[in-house]
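Subject: Structure for you to look at

Hello,

Here is the structure I said I would pass on. Please open it first and keep it beside you while you read the notes below.

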Amino acid sequence: MTRVGTVAVNTFREALRDRVLYNLVFFALVMMAAAILVGQISVNIEQIVMITLGLSAISIIGLLISVFIGVGLVSKEIDKRTLYALLAKPLRRWEFILGKFAGLALTLTVNTAAMSAGLFLALFYVKHSIERADTVVLVAVYFILLKLALVVALAMLFSCFTTPLLAILFSAGIYIAGLFVHEMRNMQAGTIDPALGGFLRGISYVLPNFENFDVMGAVAHGRAIPGALIAQNTVYAALYCAIVLAVAMAIFSQRNLK
Amino acid sequence: MSSKGYIALFLFVLLGFAGVWRLQKCIDGQQSAVANEDDQVMLRSSKLVKGLSLEYAPLVADIYWTRVVQYFGNKQAGKQLDLRLLWPLLDVTSVLDPHLMPVYDFGSTFLSDAPPRGAGRPDLAVQLIERGLRANPEEWRLYYDLGFVYYFDMKDNAKASAAFYEGSKNPKAYVWMKIMAAKIAMEGNSAETSNFLWQDVYNTTKDPLVKQNALRHLQLLQAEDDRKQIDALLDEYQKRFGRRPVRMSELVQSGLLRAEPEDPLGYPYILSEAGKAELNLKTPLRDKWIKAPASK
């Protein structure tokens, strides 16, 4: 586990060196502009606009980092031939994959935490106070983090056996499909062929369901999120990540790096 | 990796997905408590959506159209009467792609039909078709849709006749449209005309939802006709025996009927307390029953 931790910490450092956290400047600018403008262009929905805009920005920026950096984690090491030096050390391939995943997850956590702080500052500017009920926003932020972890795992899986461009396309494709799982499951008989409907319902349970993590609407309107949902989503993300990473490790272990 | 390793990986993935499946069912239960109860169309401004769609407006229209079909299908399956969003969805779709003809066919039928079959907004159906006519003046079928709405839902025979007549000027239009224009102008609303029009929709439409709707209308017309005939026999029974029967079997025993009559779905008709023929309480037709359709 020490070796996994070492890879993780170095992945985090590499992300800092690559100026990944510069996106925070962009986020800060968006939130400042929104905080100033929202009062001028909206009536009675300032808080809702701030929360939905802030959470959307956290999600979009996080997704871009997850896909583009996640895909590059393995392929960059192979292209630069730094992987050979690493694997010559007492480091197993699965430890390398797990460490890279943990490193990017750490980067995303730090990044998301910083953006969340920015969101709360903007909220404070608009409302002149932060109430206990506002902390429900943190649940949405946590769900975004779970979603990002799942996307990183998928991006790493695809980067283990295909080119970076295809890995990005596959990851984006699975993510988009995962947003329509509910639609797939509820296609009504009469509007779709029954066999196709059954097939779609079947794969809707196998695809990662990214709708599970979408509580932005509820949170923006101050509705509480049940504790059971938080627990189930946590287990869901952990289990799905474990499956995807296990497959990624198996593929990477068998990959011919010559 | 050894063969044992592969087997272990396979089992892990299999069990993992079984766990994911089970968890998803639990999450679905929790999500329903969190989800907004109201349906939402996030972007209702058709102009805004068109602007945001850039050069991909027809593609976005297709996506909106899919949403319309799923929205209506889900509402029908859940027996929900509230179809408030049908119009905004159709409005956006028809602005994004004014040449998407199913929008007008489908939209006019389900916007104009009274609840529970539709949204009960024939005025919006007319607005939609008129928009379609402005964009597709050569489409005679839109006049047919317009005549349909005026005839069945707005009971405006003059406008229905005018719409059928206008459409009949197109050489590709049904030959009978001109005849229908004259017939409606002369006789007004009749069961025979209604039956003819719905039968034509049933025979010509390719949309399964529209076809199903036409079939249900035909069944309701048939049921209405049956009820009238049974009521006439009940009156006859009263003349002969000085009282109204309390069971349908009494009509059979008296020789006025050969067997107990059934509705088009096979459910036997029943007698109301007033001694009139009624639809069986169990028949699905009862859910769609509003009043005697086109029974003037």
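Helices (H or I, at least four residues) and strands (E, at least two) are DSSP runs, numbered from the N terminus. On that count, chain A has 11 helices and 0 strands, and chain B has 13 helices and 2 strands.

This is a predicted model, in which local features need pLDDT of at least 70 and side-chain atom pairs count only at pLDDT 80 or more, while totals for chains, interfaces and linings use all residues. Residues are numbered from 1 along each chain as its sequence is written, and chains are lettered from A and ligands numbered from 1 in the order in which they are written.

Confidence

The model scores ipTM 0.70 and pTM 0.62. pLDDT is the predictor's confidence in each residue, from 0 to 100. Chain A has a mean pLDDT of 85, and 93% of its residues reach 70 or more. For chain B the average is 81, with 88% of the residues scoring at least 70. Among the elements of chain B, helix 13 (residues 285–288) has the lowest mean, 70, and helix 6 (residues 122–135) the highest, 94.

Residues 290–296 of chain B stay under 50 in pLDDT. Where pLDDT is low, the predicted coordinates should not be read in detail. Two residues are in contact if their C-beta atoms, placed from the backbone, lie within 7 Å; the model has 15 contacts beyond four places in sequence for residues 290–296 of chain B.

The two chains

A residue is buried if 20 or more other C-beta atoms lie within 10 Å of its own, exposed if 12 or fewer, and partly exposed in between, with C-beta atoms placed from the backbone. Chain A has 258 residues, of which 37% count as buried; chain B has 296, of which 30% count as buried. Among contacts in chain A between residues at least 6 apart in sequence, 84% join residues at least 24 apart. In chain B, residues 24 or more positions apart account for 51% of the contacts with a separation of 6 or more.

Helix packing in chain A

Which residues of helix 6 meet helix 11 in chain A? They include A:Val139, A:Phe143 and A:Leu146, and the residues they meet in helix 11 include A:Ile230, A:Asn233 and A:Thr234.

The axes of helix 6 (residues 136–159) and helix 11 (residues 227–254) of chain A come within 8 Å and cross at roughly 10°. Axes are lines fitted to C-alpha atoms, for helices over the stretch in contact, and angles run from 0 to 180 degrees between N-to-C directions. The crossing angle makes helix 6 of chain A roughly parallel to helix 11 of chain A. Angles under 35 degrees count as roughly parallel, over 145 as roughly antiparallel, 65 to 115 as roughly perpendicular and the rest as oblique.

Helix 5 (residues 93–127) of chain A also packs on helix 11 of chain A: their axes come within 9 Å and cross at roughly 135°. That makes helix 5 of chain A oblique to helix 11 of chain A. Among the residues in this contact are A:Trp94 and A:Phe101 of helix 5 and A:Met249 and A:Phe252 of helix 11. The contact divides into 8 nonpolar, 1 polar and 1 charged residues.

Between the chains

The contact takes 31 residues from chain A and 26 residues from chain B. Helix 11 of chain A gives the largest share of the chain A side, 15 residues. By class, that side has 18 nonpolar, 11 polar and 2 charged residues.

Two loop residues

A:Arg81 has a positive phi of about 65° although it is not a glycine. A:Arg81 sits in the loop between helix 3 (46–79) and helix 4 (82–88) of chain A, and is exposed, with 9 other C-beta atoms within 10 Å. B:Lys155 also has a positive phi, near 50°. B:Lys155 lies in the loop between helix 7 (140–153) and helix 8 (157–168) of chain B and counts as partly exposed, with 14 C-beta neighbours inside 10 Å.

Regards

Conventions. Ala, Val, Leu, Ile, Met, Phe, Trp, Tyr, Cys and Pro count as nonpolar, Asp, Glu, Lys and Arg as charged, and the others, Gly among them, as polar.
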